[in-house]
Amino acid sequence: MRGLCFSWRSPPPPPLLLLLPLLLSPSPPPTWAQVSAVSVPSGTSGAPDCPEACACAPGGQANCSGRALPAVPAGLSWRVLVLLLDHNRVRALPPSAFAGARALLSLDLSENGLCALHPRAFWGLGALQRLDLSGNQLEALAPGTLGPLRALRALSLAGNRLARLEPTALGALPLLRALDLQDNAMTAMDAGALAALPALDALRLRGNPWACSCALQPLCTWLRRHPRAAPDAETLLCVTPGRRTLGPLAALPDATFRRCAAPLAPRDLAVVCAVGPASFLASLAACLVLGSALTACRARRRRLAARPPPRRPPGPAAAPAVPGSPAAQY
């Protein structure tokens, strides 16, 4: 049995008779695409740089759909351009989960029950243009999760459990054109979430329980400025708090948000930050001075009350009255 063992790092050399035709042939060795097209039929596994659990085709596509995979398959190469991992059992993505596929252009992770994304899960995918995370169980995205995907053009987060989309989770995606947020649990959207997406021209928002509150003002403002980017804006409904009545989101005028507190300007915020600590320290010092004075007054009163009353000196003795004198008559 020892003769059957071999090391993956140093495979046994092939017989000399098999190498002789290659040494005598003047043509260069075939490339990866040629090997995939000739040696491996389209849609079959076993191609060079192709994971064993997937079926790879010419052009750099690795099809790993519906294979009950619990994790991202090992053996990904920079030659894989399209990776289909939908309908598997990938519940979490660790850091640098796709480290080998640095040239990946399209990634499909839909319908996996995915519920945890490490903030560095997509590191190394700077060329990725399409990412599908729909049909999973994501409740939140950590800050910086999608920040490395600077070339991303289409992102689908539909069919998850997202209650809010923080601006720090998306980061600055200058080339993102399509964003799908349908069928989540979102009630509002932060002002900076869409401000960092200058190329966005297709936004899907249906199927979310939007709340008719001040937190909805940034989204309404963005929809009025980009009417063509959200074709389903006329059908979006928001829930009035307390009354549980539905109202069209696009019908909310600017007057609805007049009572909402406007955000502080940078100058006002700087003044508050500078004056706030100083006023707090001044009030604290005044309280200490007044408290010390009041305590001293009370202590002085207690000392005065505890002292005995002063004794009066005895007066001169009265002379006895002489009989017959006017004082004796009384």
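This is a predicted model: local features need pLDDT of at least 70, side-chain atom pairs count only at pLDDT 80 or more; totals for chains, interfaces and linings use all residues.

User: Why is Leu288 called exposed?

Analyst: Exposed means over 50% relative accessible area, buried under 20%, partly exposed in between (1.4 Å probe, protein chains only). Leu288 has 55% relative accessibility, so Leu288 counts as exposed. Leu288 lies in helix H6 (residues 266-306). Helices here are DSSP runs of H or I with at least four residues; strands are runs of E with at least two.

User: Which residues make the nonpolar surface patch?

Analyst: Phe280, Leu281, Leu284 and Leu288 make a patch of about 430 Å². Patch residues have over 30% relative accessible area and no salt bridge, with nonpolar side chains joined within 5 Å and like charges within 9 Å. A salt bridge puts a Lys or Arg side-chain nitrogen within 4 Å of an Asp or Glu carboxyl oxygen.

User: What makes S5 and S7 a pair?

Analyst: DSSP must find at least two bridges between paired strands. Strands S5 (residues 106-108) and S7 (residues 130-132) have 3 bridges, in the parallel sense. Leu107 stands opposite Leu131 in S7.

User: Why does one side of S1 and S10 lack a neighbour in the sheet?

Analyst: The open, mixed sheet has 8 strands, in the order S1-S2-S3-S5-S7-S8-S9-S10. S1 (55-57) and S10 (202-204) stand at its edges with a single partner strand each, so one side of each has no neighbour there.

Definitions and conventions:
Residues are numbered from 1 along each chain as its sequence is written. Side-chain values use heavy atoms; hydrogens and water are left out. Accessible areas come from the Shrake-Rupley method with a 1.4 Å probe; for residues, only the protein chains shown count as cover.
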